[in-house]
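Here are my notes on the structure, as numbered points. Please read them with the sequence and the model side by side.

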Amino acid sequence: DAVACGLSIAQYQIAANPDKYVQLSTPLSTEHYAVGFKKGDDALASKVTEALKEMDKDGFVKDLCEKYADYGISYDNWVLK
């Protein structure tokens, strides 16, 4: 049996259940997460993007990344376009 998921999710689960999981030494991929919206819903996409930019601007995103760094979260991977 196997599970493929994001590194942060995997490391969180492994930390909570160290005897149940083994992590591979080689990652399956190095992709970023994304937020998807219904096609044409530009207003909602803009609203979420602006909220994320504000969260980053006031340091919340960086603080959150530091809080969960032990689970593979890194501010260096933060990408917002």
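1. Salt bridge. The side chains of Lys53 and Glu50 meet with 3.7 Å from N to O, which makes a salt bridge. The model is predicted, so side-chain atom pairs count only at pLDDT 80 or more. Both residues belong to helix H2 (residues 42–57), where they sit three residues apart, or about one helical turn. Lys53 is partly exposed, at 40% relative accessibility, and Glu50 is likewise partly exposed, at 43%. In general, side chains of opposite charge can pair when their charged atoms come close. A search of the whole structure gives one salt bridge.

2. Cysteines. How many disulfides does a search of the whole structure find? The count is zero. A disulfide is a covalent bond between the sulfur atoms of two cysteines. For Cys5, the closest cysteine sulfur is that of Cys65, and because 18 Å lies between the two sulfurs, they are too far apart for a bond. The cut-off for a disulfide is 2.5 Å between the sulfur atoms. Cys5 counts as partly exposed, with 42% relative accessibility, whereas Cys65 counts as buried, with 10%.

3. Nonpolar surface patch. Which residues form a nonpolar patch on the surface? They are Met55, Phe60, Leu64 and Tyr68, and together they have about 320 Å² of accessible area. Tyr68 lies in the segment after helix H3, a helix that covers 60–67. The relative accessible area of Tyr68 is 32%, so this residue is partly exposed.

4. Largest pocket. The space in the largest pocket comes to about 1700 Å³. It is lined by 46 residues, and those closest to its centre are Gly6, Leu7, Ser8, Glu31 and Tyr33. Helix H1 (7–16), H2 and H3 each supply at least two residues of the lining. Which helix gives the most to this lining? That is H1, with six residues.

5. Ala16 and Pro27. Ala16 is in helix H1. Its relative accessible area is 51%, so Ala16 counts as exposed. Pro27 is 11 residues from Ala16 along the chain, and their C-alpha atoms are separated by 20 Å.

6. Loop between H1 and H2. Two residues of this loop are worth a look. Ala34 is placed in the loop between H1 and H2 and is exposed, with a relative accessible area of 74%. The C-alpha atoms of Ser29 and Cys5 are separated by 10.0 Å, although the two residues are 24 residues apart along the chain.

7. Points to check on the model. Look at the pair Lys53 and Glu50 in helix H2, at the sulfurs of Cys5 and Cys65, which are 18 Å apart, and at the patch that includes Met55 and Phe60.

Terms used. Residues are numbered from 1 along each chain as its sequence is written. This is a predicted model: local features need pLDDT of at least 70, side-chain atom pairs count only at pLDDT 80 or more; totals for chains, interfaces and linings use all residues. Side-chain values use heavy atoms; hydrogens and water are left out. Patches are made of residues with over 30% relative accessible area and no salt bridge: like charges are joined within 9 Å, nonpolar side chains (Val, Leu, Ile, Met, Phe, Trp, Tyr) within 5 Å. Accessible areas come from the Shrake-Rupley method with a 1.4 Å probe; for residues, only the protein chains shown count as cover. A salt bridge is a side-chain nitrogen of Lys or Arg within 4 Å of a carboxyl oxygen of Asp or Glu. Helices (H or I, at least four residues) and strands (E, at least two) are DSSP runs, numbered from the N terminus. Buried means under 20% relative accessible area, exposed over 50%, partly exposed in between (1.4 Å probe, protein chains only). On a 1 Å grid over the protein atoms alone, a cavity is a set of points where a 1.4 Å probe fits but cannot get out, and a pocket is an open set with protein on both sides within 12 Å along at least five of seven lines; lining residues have an atom within 4 Å of a point. Grid points are joined across faces, edges and corners, and a volume is the space filled by probe spheres set on the points.
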